[in-house]
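Q: I am new to this structure and would like to learn how to read it. Where should I begin?

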Amino acid sequence: MTAKALWLVAANVVRWRRYGDGGQELRPGTKSHRGGSKVHVVTTYGGMAHEELTTIGRGRHTGAYITIDMATRNLHTFRPVAVYSPAVLRRAAVFGVDGSWATREYAEELAALLGRLAPRYREEHWRGAPHPVPCRCHDCLSPA
(Lines give C-alpha, C1' and ligand atoms only; values in the text may rest on other atoms or scores of the structure.)
Protein backbone atom coordinates (compact mmCIF):
# COMPACT_ATOMS: atom_id res chain seq x y z
CA MET A 1 0.00 0.00 0.00
CA THR A 2 1.48 3.36 -1.01
CA ALA A 3 0.75 6.56 0.83
CA LYS A 4 -1.00 9.35 -0.99
CA ALA A 5 1.37 12.17 -1.81
CA LEU A 6 0.87 15.69 -0.53
CA TRP A 7 1.96 18.70 -2.52
CA LEU A 8 4.11 20.97 -0.40
CA VAL A 9 6.56 23.76 -1.13
CA ALA A 10 10.21 22.73 -0.85
CA ALA A 11 13.03 25.25 -0.44
CA ASN A 12 16.73 25.28 0.33
CA VAL A 13 18.44 27.04 3.21
CA VAL A 14 20.82 29.80 2.08
CA ARG A 15 24.46 28.67 2.12
CA TRP A 16 25.68 31.90 3.76
CA ARG A 17 23.68 34.54 5.60
CA ARG A 18 24.65 37.95 6.86
CA TYR A 19 24.79 38.28 10.62
CA GLY A 20 25.77 40.72 13.38
CA ASP A 21 26.26 44.47 13.45
CA GLY A 22 25.29 45.83 10.06
CA GLY A 23 25.42 42.34 8.52
CA GLN A 24 29.23 42.42 8.30
CA GLU A 25 29.66 38.85 9.55
CA LEU A 26 28.75 35.77 7.49
CA ARG A 27 27.45 32.51 8.95
CA PRO A 28 26.83 29.22 7.13
CA GLY A 29 23.19 28.15 6.96
CA THR A 30 21.10 28.75 10.06
CA LYS A 31 21.35 27.62 13.64
CA SER A 32 19.05 24.67 12.92
CA HIS A 33 19.91 23.74 9.31
CA ARG A 34 23.08 23.45 7.25
CA GLY A 35 23.39 25.69 4.21
CA GLY A 36 21.77 24.07 1.19
CA SER A 37 19.52 21.78 3.26
CA LYS A 38 16.13 20.99 1.78
CA VAL A 39 13.11 21.89 3.90
CA HIS A 40 9.37 21.58 3.31
CA VAL A 41 7.09 24.52 4.06
CA VAL A 42 4.10 23.36 6.09
CA THR A 43 2.41 26.67 6.95
CA THR A 44 3.01 30.37 6.49
CA TYR A 45 1.85 33.27 8.56
CA GLY A 46 -0.14 35.37 6.10
CA GLY A 47 -1.01 37.96 8.75
CA MET A 48 2.73 38.63 9.07
CA ALA A 49 3.11 38.95 5.28
CA HIS A 50 4.70 35.47 5.12
CA GLU A 51 7.90 36.70 6.85
CA GLU A 52 7.92 33.52 8.97
CA LEU A 53 7.29 29.93 7.85
CA THR A 54 6.90 26.61 9.62
CA THR A 55 9.25 24.11 8.01
CA ILE A 56 10.12 20.42 8.26
CA GLY A 57 13.65 19.33 7.45
CA ARG A 58 16.67 17.45 8.71
CA GLY A 59 18.40 19.19 11.59
CA ARG A 60 21.98 20.41 11.49
CA HIS A 61 23.19 18.46 14.52
CA THR A 62 21.17 15.23 14.66
CA GLY A 63 20.12 14.59 11.08
CA ALA A 64 16.64 13.77 12.40
CA TYR A 65 13.59 15.58 11.05
CA ILE A 66 12.73 18.74 12.98
CA THR A 67 9.82 21.16 12.70
CA ILE A 68 10.66 24.81 13.31
CA ASP A 69 9.55 28.32 12.44
CA MET A 70 12.11 30.21 10.39
CA ALA A 71 12.45 33.46 8.49
CA THR A 72 11.52 33.41 4.81
CA ARG A 73 14.67 35.43 4.04
CA ASN A 74 16.82 32.43 5.00
CA LEU A 75 15.36 30.24 2.23
CA HIS A 76 15.61 30.24 -1.56
CA THR A 77 14.60 28.18 -4.62
CA PHE A 78 10.97 27.64 -3.62
CA ARG A 79 9.29 24.93 -5.69
CA PRO A 80 6.24 22.64 -5.49
CA VAL A 81 7.04 18.98 -4.78
CA ALA A 82 5.01 15.83 -4.22
CA VAL A 83 6.00 14.48 -0.80
CA TYR A 84 5.83 10.74 -0.07
CA SER A 85 8.12 10.58 2.98
CA PRO A 86 6.20 9.08 5.92
CA ALA A 87 8.23 11.14 8.41
CA VAL A 88 7.36 14.42 6.67
CA LEU A 89 3.71 13.40 6.16
CA ARG A 90 3.33 12.56 9.88
CA ARG A 91 4.79 15.90 10.93
CA ALA A 92 2.65 17.77 8.38
CA ALA A 93 -0.51 16.05 9.68
CA VAL A 94 0.10 17.64 13.10
CA PHE A 95 -0.49 21.03 11.43
CA GLY A 96 -3.67 19.86 9.72
CA VAL A 97 -2.07 19.60 6.29
CA ASP A 98 -3.99 17.06 4.26
CA GLY A 99 -4.93 16.35 0.66
CA SER A 100 -7.98 18.64 0.77
CA TRP A 101 -5.90 21.78 0.25
CA ALA A 102 -2.34 20.54 -0.31
CA THR A 103 -2.82 20.48 -4.07
CA ARG A 104 -0.31 21.08 -6.83
CA GLU A 105 -1.99 24.35 -7.84
CA TYR A 106 -1.85 25.73 -4.31
CA ALA A 107 1.80 24.68 -3.90
CA GLU A 108 2.70 26.34 -7.24
CA GLU A 109 1.02 29.61 -6.21
CA LEU A 110 2.63 29.61 -2.77
CA ALA A 111 6.08 28.78 -4.19
CA ALA A 112 5.82 31.68 -6.66
CA LEU A 113 4.74 34.08 -3.89
CA LEU A 114 7.51 33.02 -1.49
CA GLY A 115 10.06 33.13 -4.31
CA ARG A 116 9.19 36.81 -4.86
CA LEU A 117 9.13 37.69 -1.15
CA ALA A 118 12.37 36.04 0.08
CA PRO A 119 14.84 38.28 -1.84
CA ARG A 120 12.85 41.36 -0.84
CA TYR A 121 12.97 40.36 2.84
CA ARG A 122 16.74 39.74 2.64
CA GLU A 123 17.21 43.20 1.16
CA GLU A 124 14.88 44.94 3.64
CA HIS A 125 16.45 43.24 6.66
CA TRP A 126 19.85 44.81 5.96
CA ARG A 127 18.55 48.02 4.34
CA GLY A 128 21.33 50.56 3.94
CA ALA A 129 24.05 48.31 5.37
CA PRO A 130 26.92 47.59 2.96
CA HIS A 131 27.87 44.02 2.21
CA PRO A 132 31.08 42.70 3.76
CA VAL A 133 34.09 42.41 1.46
CA PRO A 134 34.38 39.79 0.07
CA CYS A 135 30.72 38.83 0.41
CA ARG A 136 29.39 35.29 0.05
CA CYS A 137 25.77 35.97 1.06
CA HIS A 138 23.07 34.34 -1.05
CA ASP A 139 22.30 37.45 -3.07
CA CYS A 140 25.96 38.05 -3.96
CA LEU A 141 26.58 34.41 -4.91
CA SER A 142 23.40 34.10 -7.01
CA PRO A 143 23.79 34.81 -10.71
CA ALA A 144 22.39 38.22 -11.61
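This is a predicted model: local features need pLDDT of at least 70, side-chain atom pairs count only at pLDDT 80 or more; totals for chains, interfaces and linings use all residues.

Q: Which elements does the protein have, and in what order do they run?
A: There are three helices and seven strands. From the N terminus on, the order is β-β-β-β-β-β-β-α-α-α. The radius of gyration is 16 Å, close to the 15 Å that the globule rule gives for 144 residues, so the protein is as compact as a globular protein of that length. Along its principal axes, the C-alpha trace spans about 55 × 30 × 25 Å.

Q: How do I read a sheet, and what is the order of the strands in the open sheet here?
A: Strands of a sheet pair through backbone hydrogen bonds, either parallel or antiparallel. Here five strands form an open sheet in the order β6-β5-β4-β1-β7, and the pairing is antiparallel. β6 (65-71) and β7 (75-83) stand at the edges with a single partner strand each, so one side of each is left without a neighbour in the sheet. From one strand to the next, the twist averages 40°.

Q: How many bridges join β1 to β7?
A: Seven bridges join β1 (residues 6-13) to β7, and the two strands run antiparallel. As one case, N12 has H76 in β7 as its bridge partner.

Q: Which strands does helix α1 touch?
A: Helix α1 (residues 86-94) packs on the sheet and touches β1, β4 (38-44), β5 (52-58), β6 and β7. The direction of α1 makes about 55° with that of β6.

Q: Where does helix α2 lie?
A: Helix α2 (residues 104-125) lies across β1, β4, β5 and β7, running at about 170° to β7.

Technical notes. Residues are numbered from 1 along each chain as its sequence is written. Side-chain values use heavy atoms; hydrogens and water are left out. Two strands pair if DSSP finds at least two bridges between them. Helices (H or I, at least four residues) and strands (E, at least two) are DSSP runs, numbered from the N terminus. Axes are lines fitted to C-alpha atoms, for helices over the stretch in contact, and angles run from 0 to 180 degrees between N-to-C directions. Contact means heavy atoms within 4.5 Å. The radius of gyration is taken over C-alpha atoms; the globule rule is 2.2 Å times the number of residues to the power 0.38.
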